[in-house]
Amino acid sequence: MNTTPGPAPAPGRPLRVAVVGGGPGGLYAAALLARLDPRREITVWERGGPEETFGFGVVLSDETLGGIEHADPVVHAALRDAFVRWDDIDVTHRGHVLTSGGHGFAALGRRRLLRILHERCQALGVHLRFRSQAPPAEQLSRTYDLVIAADGAGSATRQAHAEAFRPRITTHRCRYIWLAADVAFDAFRFEIAETEHGVMQLHGYPYEPAASTVIIEAREEVWRRAGLDRCTERESTERCAKLFTDALGGHPLRGNHSQWTAFRTVVNERWSHGNTVLIGDAAHTAHFSIGSGTKLAVEDALALAACLEEHPVLPDALAAYEAERRPVVASTQRAARASLEWFENLELYLDQPPRQFAFNLLTRSRRVTHDNLRLRDGEFVETVEREAAVPAATPPMFTPFRLRGLTLRNRVVVSPMDMYSAAPDGTPGDFHLVHLGGRALGGAGLVMTEMVCVSPEGRITPGCTGLYADAHEAAWRRVTAFAHTHSPGVAVGVQLGHSGRKGSTRLMWEGIDTPLPHGNWPLVAPSPLPYRPGVNQTPRALDAAGLAAVRDQFVRAAERAARAGFDLLELHCAHGYLLSSFLSPLTNHRTDAYGGSLDARLRYPLEVFDAVRAVWPDDRPMTVRISATDWADGGTTADDAVAIAAAFTAHGADAIDVSTGQVVPDETPDYGRSYQTPYADRIRNELGVPVIAVGAISSWDDVNSLILAGRADLCALARPHLYDPHWTLHAAADQNYTGPATPWPLPYQAGSRTPPTGRTDAPKPRLAL
């Protein structure tokens, strides 16, 4: 591995350019740079021959084609003449073929694409060296002004300079193989085969008037059980063709040096090193189930060429290229990760009704949503809603949901949010009345309190509320009475918790998780492990008497909550607080009956749950919030989360509120839109239990999508309700919904129509020079 610094980039625009890799990204970059400045000397090295390529068809979006047209009309005209186009997606589910239209795809053969780019490069004077291994990038960088590494997902350039690029490569759980059939599908096809070995799936699309790409995919264990790991290419094509004979209309499959492989997601911390820059799969990969890696590579090439033109100093140009492309690529990779994980867990959804299954598949990446799909194919969405018994003219989020004796008027939850605004003795005051009362008026089905602490020592900060004194009970009764009186039909829930080792800290805006400057109280935890060694105090490990005392504090708080008029009680077993600390192996190092195996780590939280359930009114539901992953090595995993949810459900939990993280300070969350919802999705569909999804759900469109797809039963939103206390009412107005699920308070009815606003457009990736 070479760790020496790269040479300093040439100060001006690069005139001598080396391109390592003759795939579409490298060729298009070469063509664009040659077109922009005919003085450039550009050489492309490709270790294969002109016709040698991996795979068969390439899909490009209309957006990308628009960029190509603007950047190079000659290439665009050649592509336009070669494309096959279609609009439909067909999803086959247990004999039912569900078709959704209005999607707009364009594809062509990969060899045809390469020929078009070869011809364009040659016409522009680019030197193409086929069957020629490029010299190492370090060597090229000494004699060329710019080295473009377009050498694919297995990039030798990236590997040679791993210290500089700092790649992270994740191998996923499915095996897949690229094949082709000499028949043109009339739609993008998704076919499911339920075999004796497990589930396998087919992704197919046309790329020529008489040919289609066919990708067969299966979980690693299914692939092995089926014996496909021992098959030659010919044997694999024959077996796959037989397995999907109906989808293929009896046509055979053919390969192209095809082999089964596991998809690898490539992420690099940096995309340039000296005068060497990564593009396409060398820089990043995105799973084939959301589109083409070629699309990303072509867009990289376009952005790189534009930045080189706009910034005369090479380091500035490379920095601008990365700054421009990285957010677009990160968004694509998040969508790709959601899509590939959906297919990895495909078996969870097979028992869904056919139309819901199809809707779930179409919205799996979160890029296609309920509203977006309704615009593309309103009739399809209406059939899905009818099958799900959604009343006409009712968005899915405004359907009721029943938990035990409580019927929620809609699927929106105001998520628990610590406000740190209680009196020093833990009593909620006017702030909480206005805060929670305002959100109750805002139309949500369920409004949750912040974590309400069960003892003075169980508080996170001196500003946290409690339910351990008569004054607390009376103050909370004031809040619930206001909500029930002024927003009939709203439910108010209380979340009970104990801070554990994360207690005795300052208010959030004074220094989150930072100990108080004075007046600290002693902490307790499963094990004597400080939250941050050297910063937070070391807690005392609870002994038998301490365990019993804390359990009883939860019980007394629950009794007070019932008398205070709460409709639902949630036990807080997430975010590294006391009960969560028992569940995570990173924070529970006990060697007694409450530590060790997951069953043992569950013992105390279940004891607390059972004790609280015994005093909580039988007709009122109880939920449990868990951290479904610690986002840290050695911590709680998604598999553990399923087992934890199953245990609480077996003990009588009516729903699982699925959050993640905040258990250890060195966590590395995979942030992004709706990033926590896959954990709720898995628990719901693997266990068949109601779940509350949380985590960067920010739009009513997201809520509708999650509910209708069957990934969640309720959606909890936090920050949107801080931004807009009447978020749910406004969501109804935006969707022209005026039904019973979101009644406007009489004094507010004059504001029930959406005021006119100016147009705003989301940032777009660069598609023009």
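**Close-up views of a predicted model**

View 1. Once its neighbours within four places in sequence are set aside, Phe-648 is in contact with Cys-573, Leu-602, Pro-605, Leu-606, Phe-609, Val-624, Ala-653 and Ile-656. Phe-648 belongs to the largest nonpolar core, which comprises 82 residues, and together with Leu-496 it touches the most other members of that core. Another core, of 55 residues, lies apart from this one and includes Ala-34, Ala-150, Val-277 and Val-298.

**View 2. Gly-672 in the loop between β27 and α23.** The loop that holds Gly-672 runs between strand β27, residues 655-659, and helix α23, residues 677-687. Gly-672 counts as buried because its relative accessibility is 16%, buried being defined as under 20%. Apart from neighbours within four places in sequence, the residues in contact with Gly-672 are Arg-334 and Ala-696. Although Gly-672 and Arg-334 are 338 residues apart along the chain, their C-alpha atoms are separated by 7.0 Å.

**View 3. The annotated span 397-732 and the division of the chain into domains.** In an unreviewed entry, UniProt lists residues 397-732 as "domain: NADH:flavin oxidoreductase/NADH oxidase N-terminal". By domain assignment, the protein chain is divided into domain 1, residues 16-346, and domain 2, which is made up of residues 398-530 and 544-741. The centres of domain 1 and domain 2, taken over C-alpha atoms, are separated by 43 Å.

Notes
Residues numbered from 1 in each chain as written. Predicted model: local features only at pLDDT ≥ 70, side-chain atom pairs only at ≥ 80, totals over all residues. Heavy atoms only, no water. Core = buried A, V, L, I, M, F, W, Y, C linked by side-chain atoms within 4.5 Å. Buried < 20%, exposed > 50% of the residue type's maximum accessible area, 1.4 Å probe, protein only. Contact = heavy atoms within 4.5 Å. Helix = DSSP H or I, 4+ residues; strand = E, 2+ residues; numbered from the N terminus. UniProt positions renumbered as here; feature names shortened; annotations may be inferred. Domains from an automatic or database assignment.
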